[in-house]
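Visitor: I have a chain open here and would like to go through it. Can we start with the charged pairs?
Guide: Fine, go ahead.

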Amino acid sequence: MNNELYEIVKAYATKSHKELSFLLLDKSKDQLIALFNSLITIYINDKNSSLLREYITVSLAGYTPTNTKIGYNGFKQLTQIGGKVIACEAKPQNLNSEDNQKIKNRRKLNGGGNFTDYTHKRLAKDKKESLNMLTAGFVDGELIYVLEFPFSCLSFIKRLKEQLKKRFPNGDKPGEFLRSANFTFEHYKNCKELKVVYLKKEKLEKHKKQLTQKYYDFLIKKLKK
C-alpha cells in the first residue's frame, strides 16, 4: 500500500466523513483513479480473505451473494412461479504470479478448491440442500474461469467421502474436523450438468503457465463445444 492510499484509509478510520470528503476533493481525477485501482488490487488479491473473489464468482453465476462467513455464499430462485431456491458454494482460487515464482513447487490452478473443518455431518447436510458448486480461477486478481456443477455429482461426493472416511473411519468425533477436504476438476469433469459460466480464450492463453496442463486442455475443449 502506497503512502497516499494509506493516508486515505487512515482518514476513513480516524476522521469524520466530512474531513475525508475534503481530502478526496483535493485529489485530481487521475489521482482518484489510481487510488481506486490500488485499493481494488489489494482487496481482490487479499490472501486472508476471499470475500471479493467470492462475490464476483457468485454474481456472475446469477446468484445473490449472502455476504456472510457462515453458510452458503449465495442463493437464487428458479424463474418459474414458486420456483425453489438454490444455494451455491463458491471456491475461487487466486494465484499471485510474483509470489509463485519465489517458491520451488509452484502452485497452479487445477479447477479445484477445498472445504475447511469438514465432517460427515456437514457432508450429509450439504447433500440434502439444493446446492450448486462454483469453482473459479484468478491470476493476480484477473478472472480466468468460473464453472458450475451440482454438489450431488457422484464423483465429487465420492472424493469428499474418501477423505472423511480416512480421517474418521468410525464416524465423526466431537470437536474434531477434517481440516481440508480438497478436490480438483478431475472429481467433477464428467458431471453431465457441468456448465461454463465464464471462460475467455485470450485470458486462458495469457495465463496458460499458471494452470496444470490437464486442466488447461480440459478448458480448451470446453471452448470448442
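Visitor: Which residue forms a salt bridge with E4?
Guide: K27 does, and the closest N and O atoms of the two are 3.2 Å apart. Keep in mind that this is a predicted model.

Visitor: How exposed is E4? And K27?
Guide: E4 is partly exposed, with a relative accessible area of 31%. K27 also counts as partly exposed, at 21% relative accessibility.

Visitor: How many salt bridges does the structure hold?
Guide: Nine. One of them joins R179 and D117, with the closest N and O atoms 2.6 Å apart.

Visitor: Which parts of the chain does the pair of R179 and D117 link?
Guide: Distant ones: R179 belongs to strand 7 (residues 178-183) and D117 to strand 4 (residues 113-118), 62 residues apart. R179 is exposed, with a relative accessible area of 54%. D117 is partly exposed, at 35%.

Visitor: What about phi of D117?
Guide: Phi of D117 is near 50°, which is a positive value in a residue other than glycine. Another residue with a positive phi is D140, where the value is near 55°.

Visitor: Where is D140?
Guide: D140 is in the loop between strand 5 (131-139) and strand 6 (142-150). D140 has a relative accessible area of 35%, which makes it partly exposed.

Visitor: Back to salt bridges. Which residue does R167 meet in one?
Guide: E176, with 3.2 Å from N to O. R167 is partly exposed, with a relative accessible area of 32%, and E176 is partly exposed at 31%.

Visitor: How many positive and negative side chains does the chain have?
Guide: There are 43 positive and 24 negative side chains. The centres of the two sets lie 7 Å apart.

Visitor: Change of topic. Which residues make the nonpolar surface patch?
Guide: M1, Y6, V9, L39 and I42 make a patch of about 450 Å². Helix 1 (3-14) and helix 3 (29-44) are the elements that give two or more residues to the patch.

Visitor: Where does M1 sit, then?
Guide: M1 is in the segment before helix 1.

Visitor: Is M1 buried or exposed?
Guide: Exposed, with a relative accessible area of 57%. The cut-off for exposed is over 50%, so M1 qualifies at 57%.

Visitor: Now the whole chain. How many helices and strands?
Guide: The chain has nine helices and eight strands. Its C-alpha atoms fill a box of roughly 60 × 45 × 40 Å along the principal axes.

Visitor: What percentage of the residues is buried?
Guide: Of the 225 residues in the chain, 39% are buried. The accessible surface of the chain comes to about 14,300 Å², and 53% of that belongs to carbon and sulfur atoms.

Visitor: Last one. What share of the contacts with a separation of 6 or more is between residues 24 or more positions apart?
Guide: Such residues account for 63% of those contacts.

Definitions and conventions. Residues are numbered from 1 along each chain as its sequence is written. This is a predicted model: local features need pLDDT of at least 70, side-chain atom pairs count only at pLDDT 80 or more; totals for chains, interfaces and linings use all residues. Side-chain values use heavy atoms; hydrogens and water are left out. Helices (H or I, at least four residues) and strands (E, at least two) are DSSP runs, numbered from the N terminus. Buried means under 20% relative accessible area, exposed over 50%, partly exposed in between (1.4 Å probe, protein chains only). Contact means heavy atoms within 4.5 Å. Accessible areas come from the Shrake-Rupley method with a 1.4 Å probe; for residues, only the protein chains shown count as cover. Lys and Arg count as positive and Asp and Glu as negative; His and the chain ends are not counted. The place of a charge is taken as NZ of Lys, CZ of Arg, CG of Asp or CD of Glu. Patches are made of residues with over 30% relative accessible area and no salt bridge: like charges are joined within 9 Å, nonpolar side chains (Val, Leu, Ile, Met, Phe, Trp, Tyr) within 5 Å. A salt bridge is a side-chain nitrogen of Lys or Arg within 4 Å of a carboxyl oxygen of Asp or Glu.
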